[in-house]
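I opened a notebook page for this model and meant to look up charged pairs and nonpolar packing. My entries follow.

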Amino acid sequence: MNIQVRYYSRGGNTKKVAEAIAEELGVEAFDITHQVEGADILFLGNSMYAFTIDKNVKKFVQALTVKNTKEIVNFSTSASDTSTHKKVNKNIKDPKIKLNEEHFSVFGEFLNMNKGRPNEDDLKAAKEFARKIIDRLEN
């Protein structure tokens, strides 16, 4: 199974989660400037900025085709307890790409909010989430 991890991170929070997921899955995490090719599963990390996802994430998701990936597993960080799952779903243009119903969201540090997040417990939870997804798909 070809598993890839891509992320977009302004402040480094989503990058930390992406790297934890990639470590658990034995792959490397790259930012969204790196192309995706032939992924069975794409773990995609992004953040909520002013109630939406960044325009670069929108463009990245809109450009994906089933040739790039068959399924997206979304994970996100946010200053509030808000997942980007629905926003990513709205931007998938290729109807053959599946968005996994399960997604992972964790607080990220922003200004004076959520100091130290994501923390070690958050990163452990991200790893457990990724392993659970892959174990289900392999069985």
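Entry 1. I started with Glu-102, which is partly exposed because its relative accessibility is 24%; the scale calls a residue buried under 20% relative accessible area, exposed over 50%, and partly exposed in between (1.4 Å probe, protein chains only). The model is predicted, so local features need pLDDT of at least 70 and side-chain atom pairs count only at pLDDT 80 or more, while totals for chains, interfaces and linings use all residues. Residues are numbered from 1 along each chain as its sequence is written, and side-chain values use heavy atoms, with hydrogens and water left out.

Entry 2. I looked up the partner of Glu-102 and found a salt bridge to Lys-132 (3.2 Å, N to O). The term means a side-chain nitrogen of Lys or Arg within 4 Å of a carboxyl oxygen of Asp or Glu. Glu-102 sits in the loop between strand E5 (98–99) and strand E6 (104–107), Lys-132 in helix H4, and 30 residues separate them. Helices (H or I, at least four residues) and strands (E, at least two) are DSSP runs, numbered from the N terminus. Lys-132 is partly exposed at 37% relative accessibility.

Entry 3. How many salt bridges does the rule give? I noted a count of 10.

Entry 4. I then turned to Glu-23, whose side chain forms a salt bridge with Lys-127 (3.1 Å, N to O). This pair joins distant parts of the chain, 104 residues apart: Glu-23 is in helix H1 (residues 13–25) and Lys-127 in helix H4 (residues 120–138). Glu-23 counts as exposed because its relative accessibility is 59%; Lys-127, at 22%, counts as partly exposed.

Entry 5. Glu-24 and Arg-131 form a salt bridge as well (3.3 Å, N to O). They link H1 to H4 across 107 residues. Glu-24 has a relative accessible area of 30% and Arg-131 has 27%. Glu-24, Arg-131 and Asp-135 belong to a network of salt bridges.

Entry 6. Next I looked up the nonpolar cores, that is, sets of buried Ala, Val, Leu, Ile, Met, Phe, Trp, Tyr and Cys residues joined through side-chain atoms within 4.5 Å. The largest has 22 residues, and Val-17, Phe-75 and Phe-104 are among those with the most contacts inside it. Elements giving two or more residues to this core include strand E1 (3–7), H1 and H4. A second, separate core has 17 residues, including Val-36 and Leu-64.

Entry 7. Which residues does Phe-104 touch? Leaving aside residues up to four places away in sequence, I listed Val-17, Asn-74, Phe-75, Ser-76, Asp-122, Ala-125, Ala-126 and Phe-129; contact means heavy atoms within 4.5 Å.
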